[in-house]
Structures are given as structure tokens and as C-alpha cells.
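Hi everyone, thanks for making the time. I'd like to walk you through one structure today, going from strands to charges to a helix. Let me put it on the screen.

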Amino acid sequence: MKMPNGYGGVVKLKGKRRKPWAVRTSYLEEQPDGTIIRKRKYLAYFTKQEAALTYLSELNNGAIVPEHQKYANVPTFAEMYEMWKKYRNSLKSKPGAGTWKNYDIAFNMFATVHDKKIMSIRAQDLQNCLTSQSSKSRTTIGNMRAVVRGMYSYAIANEYVENDITQHLVFEFTDADTPIHTRFTDKELLLLWNSLGIVNNVDIILIYIYTGMRPAELLEIESSNVHLDQKYMIGGMKTEAGRDRIIPLHDAIIPLVETRLKQNRPYLITNKYGNHYTRAVYHNSNWNTCMNKLGLNHAPHDCRYTFAALADAACMNETCKKLIMGHALANKSGTAFKTGGRSDVTRDVYTEKTIPELVAEVNKLPTVFE
């Protein structure tokens, strides 16, 4: 039976055997003289051809084959990451907490291969993940490179895979001086408002735009931190000024937030099954699906960019804008301070602005567009 290139094959071995049907794959190996030769490796043996073909099919899909326990024990991409992480942390030269936080973000950008067996992943699978993130910075792509290269080096050393398929991957990024974000135009904002109730999850995009939150920040908002009675929620990350800040809610998006809250889920934004989103999964599924249905071409961070543009056009108080977006703000002595916090936000106020003032300022953002 003719199989696609790189798929592997099923052959019947000569002689009298209890399991005559074998599954084998081939790979290229460089010789000391620089020449490349193709070698074969036999993976499993079966009594019937059908069982061997089933094994080969499941092998290429990265799924578990109940009949063959050895393959079932091969780790998935996600499991391999945890194994590599444990190994790296056992070394004297282990990465610091900040580096691991960046590596975890990079790992989540490979979400589409998390559940695939490490030996079943093809170079193109990894390349697709990298290509989808090519608008990111050199640092972000560099972290993705460090993660996947480190994982495969560890996987080869422990004989989970034979070939380093990361060697020929292309790690493209966007230079810092290249504009990668653009605001939603007035026409596009009108389309978003008009698509409410027609296109699923448009409400998430509007909540992003009218809160100015970073892509990962909104996904981490816990329902218990949303206070509709006072029109604000608590959230934020990345910087000292951005963490656990007060985020005022525009009157126009309060019904959208309220609808989400009525689902009684731990997080404000979840998928249809109530599961928590990572940024990569949200971007690759929910966001891209929504953009395709609307015929738009934007990245999630464009929502934050749009908030800033609308705030400037509406002459929002500069101090309020920085507090809402979680930007560092200097006090009278010239030092940066953190505002808000979990201590007693219902009683305490910001050093510079009160919660009602922030709500009043965010309501300057327009909701009617022509």
C-alpha cells in the first residue's frame, strides 16, 4: 500500500512469525563524510495488517493506540514541556522565575500541538505555530525558539525522538520599529456594534476596546472581581502599575459584562464549555473565527490601541487614561507609584483619581459612529 511521504509504512516480514506485520518509518542521517543516507526504523509488530494500519494512522494523528502500550506512554508536547522544565530546574544554571514566565507564554503559543505525541509532531506543525506569531517581537519569537529547541534537545537525549525537526524551522519576527498595531476604524467599530447578537463573541472584542486591557489581562479577570454596582472590575498584569488595578466600565458595555456574569463561571471570559482561555488558544480560535466572520484583519492588541486613540480624541484626562491602562505614573515627588490594589478597593480611592472619576472619564468614549 502506497503511503504519503513521511507517513511511514506497513510491511509483511518474511518467514513464519507470530506477528508478521511491521510498522516502520524512515529518516535521514548525516554520515561523517557529509553524505546523507536514509535509514529505516521498525516501531511495532502485529498479527494482522489491519491492526498495523490502525497503529500507523493513530501514530500520524498523535493519538493513543490502546493495543500498543509503548506508544501510549510516549509524552505529548505539553507533557514533554513539563519534563524539560523539571530537568532545567534541576540544573545549577536553571532559568529564573521571570524567564520561566516568558517561556510559559511562549509554550502557550504552541497550543495547537499541546495534545500531540512528541514523536508524531511534524516540522510543519511547529512552523504553523511560529508563522501565526510572526507579527510578534524578536524577544517573543526568541522565547518560542528557546522553548522548542530546548524541548527537542531533551527529547533526543532521552530517546523520545530521533531527529531534531527544529533545526530547519524559520523564526520570523517583526522589528520594533515596524508598526504592527492599527486601531479599529469608525466604520469597523460601527460594524462591531451592529454585529452584536449576530456574530458570536463580538461582545468580547467590544469589552476589550472599552476597557483598554491587554489581551491576556481580560482573559484572567475573575468573575468575583467584577463589581457592576460600582461599574468597575479589578485586574491587570505585566507591570507594577498595571497589576490589580481598577478598570472602570463604560455604560455601553455593562450589559455585555452582565450577560457574561450570568453564566456563573469562575472567569468572566470563557469558551462555550466554561473553560478558561489562554491567550494563544483564544487568539487561534475565538478571535480568528470572529475576525473571519466580520471580514476584518486585526490582532487582539489592536483593541488596546483603539482605546488609546478614542481616549485621545475624546480628550480623556491624561492621568485617568494612564491609570485605566495600567501605565506608570509619577507622583509629586517624581517617583512612580502603584494605584489601586486588593486591600479595600470599595473604600479606598486612587492617589490621584477616585473610582467615580475614572468611570466618568471612560464614558467619554463614543459608541455612535457613522
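Let's begin with strand β5, residues 232–235, where Tyr232 and Ile234 point one way and Met233 and Gly235 point the other. All of these residues are buried. As a reminder, side chains in a regular strand alternate between the two faces of the sheet. And please keep in mind throughout that this is a predicted model.

Now, what does β5 pair with? On one hand there is strand β4, residues 226–227, which pairs with β5 in the antiparallel sense over 2 bridges. His227 has Tyr232 as its bridge partner in β5. The hairpin of β4 and β5 has 4 residues between the strands, and in that hairpin Lys231 takes a positive phi near 60°.

There is also strand β6, residues 245–248, which runs antiparallel to β5 and is joined to it by 4 bridges. Tyr232 turns up here again, with Pro248 as its bridge partner in β6.

Next, the charges. How many salt bridges does the structure hold? The count is 10, and I'll show you a few of them.

The side chains of Glu217 and Arg245 meet in a salt bridge, 2.9 Å from N to O. Glu217 sits in helix α9, residues 215–219, and Arg245 in strand β6, so this pair ties together parts that are 28 residues apart in sequence. Are these two buried or exposed? Glu217 is buried, with a relative accessible area of 1%, and Arg245 is buried too, at 0%. Arg214 joins in as well: Arg214, Glu217 and Arg245 are linked in a network of salt bridges.

A second pair is Arg260 with Asp203, whose side chains meet in a salt bridge at 2.8 Å, N to O. This pair links distant parts of the chain, with Arg260 in helix α10, residues 254–261, and Asp203 in helix α8, residues 202–211, 57 residues apart. Arg260 has a relative accessible area of 10%, so it counts as buried, and Asp203 is buried at 14%.

For a contrast in setting, look at Asp186 and Arg183. They form a salt bridge whose closest N and O atoms are 2.9 Å apart. Asp186 is partly exposed, with a relative accessible area of 35%, and Arg183 counts as partly exposed at 26%.

Now for a charged residue without a partner. Lys136, in the loop between α5 and α6, is buried yet has no salt bridge. Where is the nearest side chain of opposite charge? That would be Asp302, 9.8 Å away. What Lys136 does have is a side-chain polar contact with the side chain of Gln133, at 2.8 Å. Leaving aside neighbours within four places in sequence, Lys136 is in contact with Met109, Ile141, Phe173, Thr174, Arg279 and His283.

While we are in the loops, let me show you Thr166, between α6 and α7. Thr166 counts as buried, at 0% relative accessibility. Its side chain has a polar contact of 3.2 Å with the side chain of Arg149 and one of 2.5 Å with that of Asp164. Beyond its sequence neighbours within four places, Thr166 is in contact with Leu126, Val148, Arg149, Tyr152 and Phe171.

Another loop residue is Arg122, between α4 and α5. Arg122 is partly exposed, at 32% relative accessibility.

Last stop: helix α7, residues 186–194. Which of its residues are buried? Glu188, Leu189, Leu192 and Trp193 are. Seen down the axis of α7, the buried residues fall within an arc of 140°, so they line one face of the helix. Among the elements covering them are α8, α11 and α12.

That's my tour, so over to you for discussion.

Technical notes
Residues numbered from 1 in each chain as written. Predicted model: local features only at pLDDT ≥ 70, side-chain atom pairs only at ≥ 80, totals over all residues. Heavy atoms only, no water. Buried < 20%, exposed > 50% of the residue type's maximum accessible area, 1.4 Å probe, protein only. Pairing = 2+ DSSP bridges. Salt bridge = Lys/Arg side-chain N within 4 Å of Asp/Glu carboxyl O. Lys, Arg positive; Asp, Glu negative; His and termini not counted. Polar contact = N/O pair within 3.5 Å; in protein donor to acceptor, adjacent residues only side chain to side chain. Contact = heavy atoms within 4.5 Å. Arc of directions from axis to C-beta.
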